[in-house]
Each structure stands twice: as C-alpha cells, then as structure tokens.
Amino acid sequence: MPLGEDVPAWKALRDALGDLVARAGAVTAAVIDESNNIWCSWPVSPAVLPLAARFAEREMARRAGPPLRRGGRLSVARPAAPPEDAYLAESFGGIYVLVLWFEGPFDAAFQRARLRRELPRIEALTIGLPPPDGPEASEGAAKQRA
C-alpha cells in the first residue's frame with residue numbers, strides 16, 4: 001500500500017509537518033531521504049517536487065564529506081530572498097532530511113532552534129512509517145535505516 005491518507009502513521013507525520021509549518025511561518029516542509037525520495041510533505045502537493053529537486057542538487061549532491069548513510073550530517077540554513085529558495089534543513093535517522101521552505105528571509109538561529117525541538121517527534125513518526133510497498137517489502141522507513 002502506498003503511503004498516503006489510508007495510512008495513520010503517514011497522516012500523523014503529515015499533521016506534524018503542518019503544525020511545524022504553521023508555527024515556523026514557513027510555506028512547505030518535507031521529509032526526504034538521501035536519494036531525494038519524498039516520504040511526506042505539508043502541504044501534500046506536486047509543487048514540493050521542484051523544491052526538493054533544487055534542494056537535493058544544491059545541498060545533497062554537491063556536499064563534501066561522507067554520505068548520510070555513513071555517518072554524514074547535514075545542517076544548512078539558506079535565508080535567501082526570492083527568486084532564490086529560502087530553506088532550513090537538518091538530517092536525522094541516518095538517511096533523512098527535514099526541510100522547511102520559507103517565502104523569504106528568516107531568522108536562521110531562531111528557526112533552527114524550533115526545528116531541532118521538533119526533530120525527535122518527526123524522526124519517531126518517520127521511522128514508524130510502514131514500508132510503502134506493504135509489510136513484506138524489502139524497503140521502507142525502518143528498513144532503510146539498517
């Protein structure tokens with residue numbers, strides 16, 4: 001079963017991302033993995049795809065150091081003004097990145113503190129997702145960590 005409205009764990013993650021977006025004054029949030037797969041976003045919209053693609057190209061594909069799966073970390077704030085993307089991101093769980101996108105400049109230190117407070121909740125919800133292809137699938141949020 002694909003992850004979506006019929007999966008309570010996914011809905012809980014989507015709602016947590018929605019809460020974070022509202023409190024942070026952001027426009028979008030997403031949990032992506034190191035391969036740029038979107039596990040969940042708020043709002044759930046195709047408009048997240050180009051944001052995630054630009055983020056992955058700029059921050060994940062070009063970064064130095066070990067990949068997330070091998071102990072790498074990603075912590076970046078880009079409080080740019082339009083037309084550039086403004087975002088804040090933190091990695092977690094070995095392969096995931098939580099990204100918040102803003103409409104323009106933001107207080108990076110303040111928003112980073114907010115994001116880090118919410119990260120344990122987002123991580124627990126992400127790791128609790130069932131495999132997107134069903135219980136017998138070889139991949140999924142918990143299996144990809146291994």
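Colleague: Leaving aside neighbours within four places in sequence, which residues is Glu90 in contact with?

Modeller: A contact list shows which parts of the chain meet around one residue. In this predicted model, Glu90 is in contact with Arg73, Leu74, Ser75, Tyr96, Val97, Leu98, Arg112, Leu115, Arg116 and Leu119, once its neighbours within four places are set aside. Glu90 itself is found in strand β4, residues 86–92.

Colleague: Is Glu90 buried or exposed?

Modeller: The reading rests on relative accessibility, and the cut-off for buried is under 20%. Glu90 has 3% relative accessibility and therefore counts as buried. The side chain of Glu90 also makes a polar contact with the side chain of Arg112, at 2.8 Å.

Colleague: How should I read a pair of helices, and at what angle do the axes of α1 and α3 cross?

Modeller: One looks at the approach of the axes and then at the angle between them. The axes of helix α1 (residues 8–24) and helix α3 (residues 108–127) come within 10 Å, and they cross at roughly 175°. An angle over 145 degrees counts as roughly antiparallel, and α1 and α3 are therefore roughly antiparallel to each other.

Colleague: Which residues of α1 and α3 meet?

Modeller: From α1 come Ala12, Leu13, Ala16, Leu17, Asp19, Leu20, Arg23 and Ala24; from α3 come Gln111, Arg114, Glu118, Arg121, Ile122, Leu125 and Thr126. Sorted by class, this contact of α1 with α3 has eight nonpolar, two polar and five charged residues.

Colleague: I should next like to understand backbone geometry. Where is the peptide bond that is cis?

Modeller: The angle omega describes a peptide bond. The bond from Trp42 to Pro43 is cis, with omega near -10°. Trp42 has its place in strand β2, while Pro43 is found in the loop between β2 (38–42) and α2 (48–60).

Colleague: What surrounds Trp42, and what is its accessibility?

Modeller: Not counting residues up to four places away in sequence, Trp42 touches Arg14, Leu17, Gly18, Val21, Val27, Thr28 and Ala29. Trp42 counts as partly exposed because its relative accessibility is 33%. Trp42 and Ala30 are twelve residues apart in sequence, and their C-alpha atoms are 6.4 Å apart in space.

Colleague: How many helices and strands does the chain have, and in what order do they run?

Modeller: There are four helices and five strands. From the N terminus on, the elements run α-β-β-α-β-β-β-α-α. Buried residues make up 46% of the 146 residues in the chain.

Colleague: Which elements have the highest and the lowest mean pLDDT?

Modeller: Strand β5 (residues 96–102) has the highest, 97, and helix α4 (residues 141–145) the lowest, 44. Over residues 142–146 the pLDDT is below 50, although this stretch has 15 contacts in the model beyond near neighbours in sequence. Where pLDDT is low, the predicted coordinates should not be read in detail. The chain averages a pLDDT of 87, and 90% of the residues score at least 70.

Note on methods
Residues are numbered from 1 along each chain as its sequence is written. This is a predicted model: local features need pLDDT of at least 70, side-chain atom pairs count only at pLDDT 80 or more; totals for chains, interfaces and linings use all residues. Side-chain values use heavy atoms; hydrogens and water are left out. Axes are lines fitted to C-alpha atoms, for helices over the stretch in contact, and angles run from 0 to 180 degrees between N-to-C directions. Helices (H or I, at least four residues) and strands (E, at least two) are DSSP runs, numbered from the N terminus. Angles under 35 degrees count as roughly parallel, over 145 as roughly antiparallel, 65 to 115 as roughly perpendicular and the rest as oblique. Contact means heavy atoms within 4.5 Å. Ala, Val, Leu, Ile, Met, Phe, Trp, Tyr, Cys and Pro count as nonpolar, Asp, Glu, Lys and Arg as charged, and the others, Gly among them, as polar. pLDDT is the predictor's confidence in each residue, from 0 to 100. Buried means under 20% relative accessible area, exposed over 50%, partly exposed in between (1.4 Å probe, protein chains only). A polar contact is a pair of N or O atoms within 3.5 Å; within protein, one must be able to donate a hydrogen and the other to accept it, and residues adjacent in sequence count only if both atoms are side-chain atoms.
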